[in-house]
Each structure stands twice: as C-alpha cells, then as structure tokens.
Amino acid sequence: MGKRGLLVISHGSRERGWVALVDETIERVRDEIGNEMRVEAVFLELVEGRLIQDGIDRLRSEGVTEALALPLFVSSGSTHVNEIGWALGAYPEPAAETDLKRFEVGSLHIDYGHPMGEAPEVDGIVLDNLRRLSDESSRESILLIGHGSEEAGFRESWERELSGIAERVREKGGYRSAAAALLLPNQTEERIASIRRDRPDNRILVVGLFLSEGYFTRMVIPRHLERSGELAACRYDGAALMPHPNVAAWVMRQAREWLSGRKRQHQ
C-alpha cells in the first residue's frame with residue numbers, strides 16, 4: 001500500500017496574514033494526523049511556489065500514490081471549487097468558464113472532496129462569532145453575509161447553504177430572526193431593510209462567512225452596512241472563519257473519513 005496525502009486547497013491572497021492563518025490551521029492538522037498522511041497546503045493563485053501543481057509535485061516526490069484534494073472554501077457555490085475539481089479530473093467539463101488547465105498528476109490517484117458548505121463545524125464558528133456580539137438574543141436578528149456568485153446555479157447554492165446555516169444558528173442561539181445576503185449579487189441593503197420592516201426594534205448582528213479576514217471583511221461589508229443607513233443599528237466585528245479551531249477540526253474529519261474509506265477499499 002502506497003503513501004497517502006492530503007492536498008488542502010484555498011484561494012490565496014497577497015496579504016501575508018491571510019496566508020498565515022491558513023498555514024496555522026493546517027499546522028494543527030499536521031500535528032494531529034502525524035505520519036498517517038503527507039499534508040500540503042496550496043493555493044489557487046497569488047502565492048508563488050505554493051500553487052496547486054507545486055503541491056501535487058511535492059506529494060509525488062514524497063512517494064504519495066493516493067491523495068484527497070480538499071477545497072478549503074466556504075461554499076459549493078464558488079465557481080473556483082468547480083474549476084479546480086475539473087482541472088484535477090473530477091468532472092468531465094467545468095460548469096463555468098475557467099482559465100485553468102488540467103493539472104499533471106501522473107500516476108497519483110486523487111479524490112476530490114467538498115467545501116465546508118453546511119458542515120456542523122461552520123455552525124459552531126458562526127454561533128461563537130455571534131455570541132461575542134450578542135447582548136439579548138431574543139431581541140436580536142442575525143444576518144449572514146457571503147461572497148456569492150452571479151453565475152446561475154452557483155448563486156442558488158450560496159443562497160441555500162447560507163440560509164440553512166442562518167436558520168440553524170438562529171434556533172440554537174435563540175435569536176429572533178435570521179437572514180442571509182450575498183455580495184454578488186448585492187443583497188445586503190435589501191436584507192437589512194427587510195429585517196428593519198419586520199423587526200423594527202431588533203439589533204442586527206452581522207457575521208461574514210469568509211475563510212479569513214481580508215478586503216471583503218474589512219472594507220466591503222462595512223461599506224454595504226453604511227450604505228444601508230443602518231450601520232449604527234448593526235453589530236459587526238469583521239471576524240471570519242479562521243482562526244477558529246473548528247476549521248482544522250473540519251479538515252481532520254474529512255481526512256479521517258477519506259482514510260477510512262480508502263482502507264476499506266484495500267481490505
């Protein structure tokens with residue numbers, strides 16, 4: 001039986017802090033998984049020397065013969081998740097236009113995983129982020145904001161997953177109401193206006209569903225809150241999914257489940 005590997009793929013950023021948070025998360029995974037898998041954290045773009053092909057080449061050079069490629073993305077509605085899967089050979093055709101080329105994997109067998117989506121670990125992160133903002137949940141409404149997509153089919157996946165998370169955390173946290181909004185297409189001001197019509201006395205707690213803090217959490221979301229005219233009525237601290245330990249826990253769960261499946265296949 002050959003070596004097994006884990007290729008964790010995220011988008012990448014020019015911000016060193018963004019990349020550092022990914023590395024800290026994957027280092028927790030390495031510490032826990034030990035020698036069971038060779039772990040590589042790679043990026044779709046912007047991080048020189050650590051792109052997807054670089055990681056594939058490193059796994060192959062280490063003698064890895066089977067690997068799980070895990071897209072560390074928020075939603076299955078991301079077109080990047082689909083194009084990466086196609087480039088890895090998981091799909092016969094990409095579902096959206098892409099500039100990617102097929103990756104060279106040689107004899108390395110790659111199974112393509114799923115993004116975080118509606119994983120229970122995400123609910124836990126959102127609940128923790130909301131608790132920091134909350135005073136009295138029965139008089140508060142929550143608004144989850146995600147990146148979204150203009151592409152048909154992908155947008156619906158974003159909306160379905162965010163709405164599911166919002167409703168579950170509303171119920172678990174005892175909040176008065178819950179809504180979800182996308183930046184693409186722009187839904188934030190409309191959702192805030194709807195909350196204000198239905199719950200005029202509620203404070204609105206806003207959480208961004210982004211992997212790491214960066215341009216969208218620091219600049220874009222506050223800009224939309226200001227445009228809504230409800231900035232003073234909202235509480236928002238810019239927190240993202242990382243560095244919450246649930247992200248590493250999600251990666252570990254995917255890796256463990258994949259390892260168990262591979263072991264059964266070889267028995």
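Biologist: How many aromatic pairs does the structure hold?

Modeller: Bear in mind that this is a predicted model. Ring pairs link Phe210, Tyr215 and Phe216 into a cluster, and Tyr91 and Tyr112 pair up too. The number of aromatic pairs in the structure is four.

Biologist: Is the pair of Tyr91 and Tyr112 stacked or edge-to-face?

Modeller: You describe a ring pair by the distance of the centres and the angle of the planes. For Tyr91 and Tyr112, the centres are 6.2 Å apart and the planes sit at 80°. Planes over 60 degrees apart count as edge-to-face, so the Tyr91 and Tyr112 pair is edge-to-face.

Biologist: How many residues apart in sequence are the parts that this pair ties together?

Modeller: Tyr91 is in the loop between α3 and β4, while Tyr112 belongs to strand β4. Tyr91 is partly exposed at 29% relative accessible area, whereas Tyr112 counts as buried at 15%. The parts they tie together are apart in sequence by 21 residues.

Biologist: Which element gives the most to the lining of the largest pocket?

Modeller: That pocket has a volume of about 690 Å³. Among the lining residues closest to its centre is Phe216, which has its place in helix α7. α3, β5 and α7 each supply at least two residues of the lining, but the top giver, with three residues, is α7.

Note on methods: Residues are numbered from 1 along each chain as its sequence is written. This is a predicted model: local features need pLDDT of at least 70, side-chain atom pairs count only at pLDDT 80 or more; totals for chains, interfaces and linings use all residues. Side-chain values use heavy atoms; hydrogens and water are left out. Helices (H or I, at least four residues) and strands (E, at least two) are DSSP runs, numbered from the N terminus. Rings of Phe, Tyr and Trp (its six-membered ring) pair if their centres lie within 6.5 Å; planes under 30 degrees apart count as stacked, over 60 as edge-to-face and the rest as tilted. Buried means under 20% relative accessible area, exposed over 50%, partly exposed in between (1.4 Å probe, protein chains only). On a 1 Å grid over the protein atoms alone, a cavity is a set of points where a 1.4 Å probe fits but cannot get out, and a pocket is an open set with protein on both sides within 12 Å along at least five of seven lines; lining residues have an atom within 4 Å of a point. Grid points are joined across faces, edges and corners, and a volume is the space filled by probe spheres set on the points.
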